[in-house]
Structure formats: C-alpha cells, structure tokens
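User: I'd like to learn how to read a few features of a structure like this one. Could you walk me through it?

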Amino acid sequence: MPFTKWTGLTRGALIVSLVMAAPSRAAIMPLQATMMPKLGDPAGPAAVGDDARAVLAGGPSSEGIDTDLPRLRGGGVMHGTVKLNGVWMGDGGVFNKVDEVREVQVDPMFVDRISDWLPTTMHENPTNWKGAWVSPDESQIDVMYVNSERAVLKGLKYRQWVRAGPRKELYFDPKEVVAAIVTCGGLCPGLNNVVAAITDCLHKSYGVKKVYGIQNGYKGFYTREWKEMTRESVRNIHRRGGTILGSSRGGHDLDKIMEKLIEEGVNQVYVIGGDGTHKGANLISKEAARRKIPMAVCGVPKTIDNDVPFIDKSFGFDTAVQEAVRVIQCAVIEAEDSMQGMAIVKLMGRECGFVSMFATLATNDVDVCLIPESPFQLDLLFKHCHEVIKQKGHCVPLGT
C-alpha cells in the first residue's frame, strides 16, 4: 500500500494534529497519499469522488463506484461492505459485465474518543494551516484488489482508517495542554527525531502550555525528575543517536504513573516504543477513561525490525538495513580469503525477516537467506552450502 514518508516536522505535525482532536487512544501511522472523501450519510449510499476511484477500482477512469458504509460515530465505524459497480474505461475491465456488482469486506480501525464519555467543548485550531481541513468523520480505505484470485483465496479484507491531519476544531484548548513524552524499550535510530518533531510542533504550531520529557522509560514517571522540553532544548538532538530522554524496560506501575500524571495536570501522553510499551500505553488510556480524566494517549510504533502491522516501514528500519549491509560486506571478505570459508551472519528481527531480506537484496552477496516466515530443512541447507562452496570456494549464509 503506498504510504507517504515521514520526515522531520511532517511526522510531528501528523501526530499532534490527530491527538489534538482528542482520541483517548491512537496508534500513529503513515497515511496513504491518496485522500478519501467523507463517507456518505448512514441513511443511504453516497457517490465517491474521482480522487477515490483510483483507490477503489485501481485507476482514475472508473465510473459509478458507490460506498455503503456508515459514517464514523462515537470514534469508530461499524463493520460493513463496499459495493463496486462500474466498468473500466481503458484496456481490459474491472468487471466482466457492466451491471455486475461485487462486494468486499471492510473492517474499521477503531479509535475511541474522549468526547464519547465527557462533554465536548471545541476550540478553534490556532495553526496557520492554508490547506483543506480534515473532517472528524474522514477516513480512507486500503487499496483494493479486483479480479484477483489470490485475494479471493486468501480471503483478504480491507481496512478503513481514520485519517490524521489538521482539524478545524480541537477538543483541547492548546493554551491548557500539558504534554508528556516518554521513550521505552531498546534504542532505535530516529528516536530523537520523533521527540524533536513532537516538541517543536506542540510549541511552534499550537503554543501549548508545557511539554515534559520523561527520563528512562515508564519508571521515570515516578522515580526521576521531569525534564521540561523547549524548542531550543531539542534543536540539534536529531544529530545524535539513542534518545536524550533515556530508556528502560518494564517499570510500568499504573497507579504511580497515573498519580504523577494527575498531579502534573498532563492531558496528552506521547509514548514511543514497541509492543510491550504500547500495551502499557493502552492501560494508561483505559485507566484515564475509567476515572473520567480528559487525557489522550498517543502511541508511536518504534522498531528496527519493521514488524508493526499495517505500515510499510517503521522508523529506524532503513538504518538497520544499511548497517547490516556493512556487516555482510565484511563477512564476504572473510569467507573469500579463507580456504572453503564460510561466514555466517546473524541479524536481528525477532519473528520477522525484513532486515535480513532487505540487506540480502541490497548486497547481492548472500548465498542463502533464512527468515522466520519461511521454514527450511537442515539437511537441504547443508547440501546447498556444500554445493556453493564447491562452485565458488566460499559461502555466506544469513539468518534472522
């Protein structure tokens, strides 16, 4: 699925713009470059504009495509189907018959909103945004496969996403926003870029009251002094690795964290981390909702392994592949300069092989790439390596 890339302030602006609109839980991800218009009224289907037809039917010339999905209500959409009814104007055809109608299943990405359980007082967006505002009900649907046997065999379902971007009206009054940013888990290239982008956007674009940096992960909420973040304090942090806030694993004491958040008047929490970190962020959000505290919790996925569903690329992945390529190049020299040499390269990835696969494609020097997604037999692996050594005089196997 074609996603726009995140760089610099663009990343921070997308993150902050969605959180200001007050979902109590939000997983921040890149967006498709093609923009979906508003969905139709729940009372009946609505025609989809030309800009969406390329997404729904695979090209800009499709005619008569309708949707039959309810609008976003209460922070989510009901499960439904999209009906495709039209013909392709170019070579070939979307449908075999002009009057043929096909339905595909669409699953919504649920985003619950603070306004679901607290009275809503909206505030005008203070940014100098010149483009079109994103509607609170605006969503977009995955690229769909039409006339695809593979899609049918795999039973592919498509997802409907709440679209990030600047809203005209905000739930939070920017002058009353107190935000906290925390980085958890292992280090990852790009952490400081995210911290800087969020901090800069909150201060520059929205003029918030205060931004805190929480030191050394979740335990820093209640064991370390909070660090006030300013535009000046994050100006050059993107030039260094790691995270200026420090990081750690564990330490998620929910009661102590909530006590400190309430004490400091925090109403926006930005959590940057992996799978375990986001489980902790979800607990904070649920507890805030249970206590009827107007607090938005934003999760920013962080992993060099690129093992986050729904997105093409997580930040830090490109750097991991670049460093892996350097390791492979060194291993090749070691193997070539030894009689019947074999240099085995082991890369990170946990349960997925994206780093190994992309590094293998980048170098063109690996003789066999083993990834968790593809089972293999040891006897066949040994036989392959033996044949490679007979042919080339050396072998470089790589695995996750």
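**Exposure, salt bridges and contacts**

Analyst: Let's start with Asp-307, which counts as partly exposed because its relative accessibility is 26%. Partly exposed sits between buried (under 20% relative accessible area) and exposed (over 50%), with a 1.4 Å probe and protein chains only. Before we go on: this is a predicted model, so local features need pLDDT of at least 70 and side-chain atom pairs count only at pLDDT 80 or more, while totals for chains, interfaces and linings use all residues. Residues are numbered from 1 along each chain as its sequence is written, and side-chain values use heavy atoms, with hydrogens and water left out.

User: What share of the 400 residues counts as buried?

Analyst: That's 49% of the protein's 400 residues.

User: Which residue forms a salt bridge with Asp-307?

Analyst: The general idea is that side chains of opposite charge can pair when their charged atoms come close. The rule here asks for a side-chain nitrogen of Lys or Arg within 4 Å of a carboxyl oxygen of Asp or Glu, and the count by this rule comes to 12 salt bridges. Arg-350 is the partner of Asp-307, with the closest N and O atoms 3.5 Å apart. Asp-307 lies in the loop between β14 (296-301) and α8 (317-336), and Arg-350 in the loop between β16 (345-346) and α9, so the pair ties together parts that are 43 residues apart in sequence. Arg-350 counts as exposed because its relative accessibility is 60%.

User: How far apart are the closest N and O atoms of Glu-287 and Arg-290?

Analyst: In that salt bridge they are 2.7 Å apart. Glu-287 and Arg-290 both lie in helix α7 (residues 275-290), three residues apart, about one turn of the helix. Glu-287 is buried because its relative accessible area is 10%, whereas Arg-290, at 58%, is exposed.

User: In which helix do Glu-323 and Arg-326 lie?

Analyst: Helix α8 holds both, and they too sit three residues apart, about one turn of the helix. Salt bridges can also share partners, and in this way Lys-260, Glu-263 and Glu-264 are joined into one network.

User: Where is Leu-118 found, and which residues does Leu-118 touch?

Analyst: Leu-118 is in the loop between β5 (102-108) and β6 (123-124), and is buried because its relative accessible area is 19%. Contact means heavy atoms within 4.5 Å. Not counting residues up to four places away in sequence, Leu-118 touches Tyr-171, Lys-292, Ile-293 and Pro-294. Leu-118 and Ala-289 are 171 residues apart in sequence, yet 9.3 Å apart in space, C-alpha to C-alpha. Across the protein, among contacts between residues at least 6 apart in sequence, 73% join residues at least 24 apart.

Methods: Helix = DSSP H or I, 4+ residues; strand = E, 2+ residues; numbered from the N terminus.
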